Amino acid sequence: MHHRKISLTIDGRRVVSEVEPRMLLVQALREVFGVTGPHIGCETGRCGACTVLVDGQAMKSCMMLAVQVCDVEITTAAGLAQDGVLHPLQQAFHERHALQCGFCTPGMLCAAVDLLAETPRPTETEIRAGLRGNLCRCTGYQHIVEAVAQAAPAMALQGI
Ligand code: FES
Ligand code: FES
């Protein structure tokens, strides 16, 4: 099968590579570009572990082909910290004990960034609805919801 060339930006880094036409975006991120933040869980769009931001929008990267994302900007959870300073959501997840095994966390953080961009001061119900595509087997969600609520004002303050 003929490889296709894609070029994109991942966490601020411009990358170019040849990929197989049928390669999933999450596979390309991990195997071609060495970005291991997005995890592979269900590969059928149900768990959200593979969620990344594609031009600012949370997308499940197991539901996209790598060739679909030419010339886009992808942000993974690892790219959220700026100059070594944790993103307010990362800080809040840490402080609120919103992760245990951490498998869901990169996807959860990306989904939460998108949620707060759309709804800067969400209610608990809105947070739960915004994150319903991201499953967590460990935390029971309460701490995640609290962490997102805690990060919201800090993000609004920083204009992010
Ligand atoms: S691995 Fe993509 S949604 Fe589960
Ligand atoms: S912290 Fe383990 S799946 Fe969410």
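Colleague: How far apart do the C-alpha centres of domain 1 and domain 2 lie?
Modeller: This is a predicted model, where local features need pLDDT of at least 70, side-chain atom pairs count only at pLDDT 80 or more, and totals for chains, interfaces and linings use all residues. Residues are numbered from 1 along each chain as its sequence is written, while chains are lettered from A and ligands numbered from 1 in the order in which they are written. The domain assignment, automatic or from a database, gives domain 1 (4-77) and domain 2 (88-158). Their C-alpha centres are separated by 21 Å.

Colleague: Which strand gives the most to the side of domain 1 that touches domain 2?
Modeller: Two residues are in contact if their C-beta atoms, placed from the backbone, lie within 7 Å. By that rule, 15 residues of domain 1 meet 14 residues of domain 2. Strands E3 (51-54) and E4 (57-60) each supply at least two residues of that side of domain 1; strands (E, at least two residues) and helices (H or I, at least four) are DSSP runs, numbered from the N terminus. The most, three residues, comes from E3.

Colleague: Which elements do the buried residues of H1 pack against?
Modeller: Helix H1 covers residues 25-32, and its buried residues are Leu25, Val26, Gln27, Ala28 and Leu29. Buried means that 20 or more other C-beta atoms, placed from the backbone, lie within 10 Å of the residue's own; exposed means 12 or fewer, and partly exposed is in between. The packing partners are strand E1 (4-10) and strand E2 (13-19).

Colleague: Why does the radius of gyration agree with a compact globule?
Modeller: The radius is taken over C-alpha atoms, and the globule rule is 2.2 Å times the number of residues to the power 0.38. For 160 residues, the rule gives a value near 15 Å, so the chain agrees, at 15 Å.

Colleague: What pattern does the protein chain follow along the sequence?
Modeller: The chain has five helices and five strands. Read along the sequence, their pattern is β-β-α-β-β-β-α-α-α-α.
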